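Hi,

Here is the structure I promised to pass on.

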Amino acid sequence: MRNAAIIGCGQTKHTSKRRDVSVAELAAEAVSAALDDAGITMKEVGAVISGNMQGFGGVAQPEQWIGDWIGCAGKPAIRIATGGTTGGSVAHGALYAVASGMYDISIGVAWEKHSDSKEAGATTGLAHVGIGNLFHALSYGLSLKNLIATTAVGAAAGVAVYQARFYMHRSGAGIEHLDMVAAKARRNAAKNPYAHLQWPNCQPSDIAKTDMIAYPFRFGHVCPASDGASCIVVAEEKLAKKLCKHPAWLKGLASYSDEENQLQSENYGGVGVLDPSEQMGARVSAQKAYSMAGITDPQKEIDMAEIYQPFPSQELIFSERLGLFDDATAWRHMEKGETDINGRLPISVSGGVNATNAIGSSALQRVLECALQIMGKAGEHQVPKKVKTAMAHGWGGVTNYITVTVLGDSPRG
Amino acid sequence: MGYVKETRPETMMVEGDWQVGCYRYKAPRLLEEYTRALKKKKILGTMCMGCGKVIVPPRNICGRCHMRMEGRMIVSEIGTITSFVVSPPVVKGKYKLFGVDPVDTGALKEGEVMVPVFIRFDGSDSNLACLLFNADPKKVFIGMRVKAVWAAEPKGAMSDLDGVEPLEKL
């Protein structure tokens, strides 16, 4: 494979309602910002990879609408939809396009526009997903009450509650640790101009005052439903060196699906085996991506990580599963401040998905934020230490799919 | 860049109803076996011949060793809670799904507190999400022993296994 690097990043400001723009206009803002950042125009771009969560936004072929709007007529385009990991897969798609030698420059654009749903949050989008994933269960005779109570309404949040219980039971983490993660996310987000839920100096005690939804999740623990888009520009080695002072080089990537973590889906066969917080997909993806990147000890070699954590328990679960901490110890490291912006291993310094969740875009933002840290362009939320290696994670599919992307400050050897 | 808006008036909105169409799904073979067993008030699982794990509801291929799950096992109707959630009381009009208020359909009752749980039935290695009935939500704990609650007249459908209830009165 050829070396590939991220040379430009663009995002929109994320808010709960962007009623002033359409889907295409929203995506165009991010694309335009990324192309400006890379110092190129659409003419130089060879291929366009786009994506959002399937069905969300209520648009069937968004790539056609967006494609025209961003001026990529006549260029090869792919649309990717892998649930919550869509952005991670979009990043992988854009990196594949260049690393394979097919194109010299590609862009990856991912977006979500929750406010186009008339019902609260992402309900309409979930309805789209639910038809394929849950409605067959009704036709096999599942009662409506059971469907509502155990599968449909919970969606990712429902899965995360069960998962949090499993994790807390086995690791010894308490609800106060979830408060700490959420407070950290809000604090970090206050330093990120593109983030949604910004709360300067937010403390765990502030989060603890919010209403309990379903133990262990309080209102303050839950991610928002955001409108927003993000875009990366990927280039091959020679162009990357020419166009960008500090490109963020692709070191390793992998994605795995673990059907054991799929909650009652498709054939009604998938229910987390023993432990939904097991997340074997994360372990396998991380192993593969690290070995590709030449990382032998992720606990020492990774300088910062962006973890997909719509719910605070997931920052703890995934940081362990991705090899950043030993099993059941992530909350102890967090207690010591090691995951803070100026800590030993900063995690989700952008505020992460817990503070900003435009679902399709969320996992791409993780890659983008890692790239910004390596390029030194993160601004106020730039990690004080030198970032040589950064890891971006995505969680999605039907709660079963994982993407891991490792970026570095030098090309692969 | 010419294509980014300079002025930002509100985008026009068009109101409309969205009809969700119907599908006819072909049930997987194992699901048929599973629901037939439910009619006899039995819970069917499949066993992996590689690692010995028993999965309920049954599945074809083991997600860990990727071997065919050839074995058939009837597992106990008694099991253990491995995870649970206590819902806030249901409020009419608070949320809608597909444009429908679940209280209006009669599926949920106003003020009802639901306790969705993960159950590992004895003899199985997987967790099944279902509802816990006849229990004080404040007294539910991980490790609590429960037994299946069956429909009054099982008819060979998923609804035959309605949920679970505590084995001992608390």
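Let me start in a loop: Pro216(A) sits in the stretch between strand 5 (212-214) and strand 6 (217-218) of chain A. The bond that joins Tyr215(A) to Pro216(A) is a cis peptide, with omega at about 5 degrees. Please keep in mind that this is a predicted model, so treat everything here as computed under the cut-off that local features need pLDDT of at least 70.

Chain B has a cis peptide bond too, between Val56(B) and Pro57(B), and there omega is about -10 degrees. Pro57(B) belongs to the loop between strand 2 (54-55) and strand 3 (71-75) of chain B.

While you're checking backbone angles, have a look at two spots in chain A. Ala328(A) isn't a glycine, yet its phi is positive, at about 60 degrees. You'll find Ala328(A) in the loop between helix 13 and helix 14 (330-335). Its relative accessible area is 17%, and because buried means under 20%, Ala328(A) counts as buried. The other spot is Ser348(A), also not a glycine, with a positive phi near 50 degrees. Ser348(A) lies in the loop between helix 14 and helix 15 (352-355), and at 1% relative accessibility it is buried.

Now for helix 13 itself, which covers residues 312-321 and includes Arg321(A). Is Arg321(A) buried or exposed? It is buried, since its relative accessible area is 7% and the limit for that label is under 20%. So what does the side chain of Arg321(A) reach? It gets to the backbone oxygen of Glu278(A), at 2.8 Å. Beyond its neighbours within four places in sequence, Arg321(A) is in contact with several residues, including Arg170(A), Ser277(A), Gln279(A) and Asp327(A).

Val234(A) is another residue I'd click on. It is part of strand 7 (residues 227-236) of chain A, and with 0% relative accessibility it counts as buried. Setting aside neighbours within four places in sequence, its contacts include Ala4(A), Ala5(A), Ile6(A), Leu95(A), Val98(A) and Ile105(A). Ala97(A) is 137 residues away from Val234(A) in sequence, but their C-alpha atoms are 8.8 Å apart in space.

Zooming out to chain A as a whole, there are 16 helices and eleven strands. A compact globule of 413 residues would have a radius of gyration near 22 Å, and chain A agrees with that at 20 Å. Its C-alpha atoms fill a box of roughly 55 × 45 × 35 Å along the principal axes. Of the 413 residues, 66% are buried. Taking contacts between residues at least 6 apart in sequence, 78% join residues at least 24 apart. If you're thinking about charges, chain A has 37 positive and 39 negative side chains, and the centres of the two sets are 3 Å apart.

As for chain B, it has two helices and eight strands, which run α-β-β-β-β-α-β-β-β-β from the N terminus on. Buried residues account for 41% of its 170 residues. For contacts between residues at least 6 apart in sequence, 56% join residues at least 24 apart. Chain B has an accessible surface of about 9,700 Å², 53% of which belongs to carbon and sulfur atoms.

Cheers

How values were computed:
Residues are numbered from 1 along each chain as its sequence is written. Chains are lettered from A and ligands numbered from 1 in the order in which they are written. This is a predicted model: local features need pLDDT of at least 70, side-chain atom pairs count only at pLDDT 80 or more; totals for chains, interfaces and linings use all residues. Side-chain values use heavy atoms; hydrogens and water are left out. Helices (H or I, at least four residues) and strands (E, at least two) are DSSP runs, numbered from the N terminus. The radius of gyration is taken over C-alpha atoms; the globule rule is 2.2 Å times the number of residues to the power 0.38. Buried means under 20% relative accessible area, exposed over 50%, partly exposed in between (1.4 Å probe, protein chains only). Contact means heavy atoms within 4.5 Å. Lys and Arg count as positive and Asp and Glu as negative; His and the chain ends are not counted. The place of a charge is taken as NZ of Lys, CZ of Arg, CG of Asp or CD of Glu. A polar contact is a pair of N or O atoms within 3.5 Å; within protein, one must be able to donate a hydrogen and the other to accept it, and residues adjacent in sequence count only if both atoms are side-chain atoms. Accessible areas come from the Shrake-Rupley method with a 1.4 Å probe; for residues, only the protein chains shown count as cover.
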